[in-house]
Amino acid sequence: MSEQQQSRRHQDEQQFGTSELQLALHRGEFEPYYQPIVGPAGYWRGAEILIRWRHPQHGLLSPAAFLPPLEGAQLLVKATQHMLARVAQHWRRCCAPEDGPFFISFNTSRAHLHSSALPDDCRDFLDALGDSALDLMVEMPERGSDLSMPDCAAVFQQLELAGVAVALDDFGVGDARLHQFASGQIACVKIDQSFVREIGTNPSYRRLIAKIVQFARGFDAYVTAEGVESAAQYRWLRRLGVKLFQGYLFDRPLPASTFFERLPLMREPQLA
Ligand code: G
Ligand code: MN
């Protein structure tokens with residue numbers, strides 16, 4: 001069964017209640033998976049954190065099955081905080097300051113963005129890393145998040161002060177979020193996988209992607225292509241000047257054990 005079918009089945013069959021979700025959080029059943037983000041030479045430059053629920057009865061659940069109830073129960077911010085704490089713990093255990101630059105990006109939610117907790121949570125994360133160097137990036141949620149100009153400027157200013165970069169996730173399929181562009185400080189635009197999928201078959205989408213890359217460049221943002229599944233897509237995007245890539249061609253989201261086992265081999269070698 002595909003991940004999508006599995007999620008749909010669980011969504012149909014399950015209505016996770018608040019107390020069940022609270023218990024799961026308390027028991028540490030939500031865990032971070034890591035999907036590597038690679039550079040033009042194929043080395044890992046960073047990773048996106050993707051939440052999974054290791055459910056005692058239903059096995060490993062993907063976000064579509066539990067994010068809506070988690071959000072409904074107003075527990076999504078707490079789950080994200082829990083994820084960040086786990087990632088910092090992993091990092092402290094597995095990586096050293098001399099390992100060189102690497103970034104972690106995580107998905108934030110509408111509630112998190114509108115609460116005042118987001119910059120504090122980022123600072124706590126960076127503090128919890130101790131000496132291990134890591135850059136942090138927040139991926140703005142796909143929908144319902146085109147902040148008004150003053151709100152947007154305030155959130156970005158605080159994130160900037162905390163030393164955190166901002167990416168626009170699933171760019172092109174949600175809200176336009178052009179206020180966020182105009183407020184500056186967008187470090188990265190993540191081109192949605194539904195666009196990348198069309199590269200080989202639809203010239204209009206090739207034109208569209210080329211324009212998005214140009215647009216991002218105009219605001220000094222770089223581009224990450226999501227959902228890269230074929231070598232031909234990778235080649236075409238590289239020729240266009242895209243610098244970061246994420247997708248099944250490289251790796252699926254990996255459990256922490258696999259990710260940290262492979263990390264030393266996959267990181268870009270440090271120049272002496
Ligand atoms: O919205 P966001 O960009 O956070 O979503 C990332 C989602 O896309 C994850 O659920 C991840 O498993 C999925 N994903 C990542 N790479 C690929 C890919 O190459 N193909 C497809 N179909 N899905 C992918
Ligand atoms: Mn994302």
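E48 in strand β2 (residues 44–55) and N107 in strand β4 (residues 103–107) are 59 residues apart, and the pair links distant parts of the chain; strands are DSSP runs (E, at least two residues), numbered from the N terminus.

E48 is buried, at 4% relative accessibility, whereas N107 is partly exposed, at 26%. Buried means under 20% relative accessible area, exposed over 50%, and partly exposed in between (1.4 Å probe, protein chains only).

Ligand 1 is surrounded by 14 residues, the closest being E48, Q193, E226, E229 and Y248; a residue is counted if one of its heavy atoms lies within 4 Å. Strands β2 and β6 (164–171) each supply at least two residues of this shell.

| Residue (polar side-chain atom) | Distance to an oxygen atom of ligand 1 |
|---|---|
| E48 | 2.8 Å |
| N107 | 3.2 Å |
| D169 | 3.2 Å |

The protein covers 80% of the 520 Å² of accessible area that ligand 1 has on its own, by the Shrake-Rupley method with a 1.4 Å probe.

Residues are numbered from 1 along each chain as its sequence is written, and chains are lettered from A and ligands numbered from 1 in the order in which they are written. In this predicted model local features need pLDDT of at least 70, side-chain atom pairs count only at pLDDT 80 or more, and totals for chains, interfaces and linings use all residues, while side-chain values use heavy atoms, with hydrogens and water left out.

How values were computed: Helix = DSSP H or I, 4+ residues; strand = E, 2+ residues; numbered from the N terminus. Polar contact = N/O pair within 3.5 Å; in protein donor to acceptor, adjacent residues only side chain to side chain.
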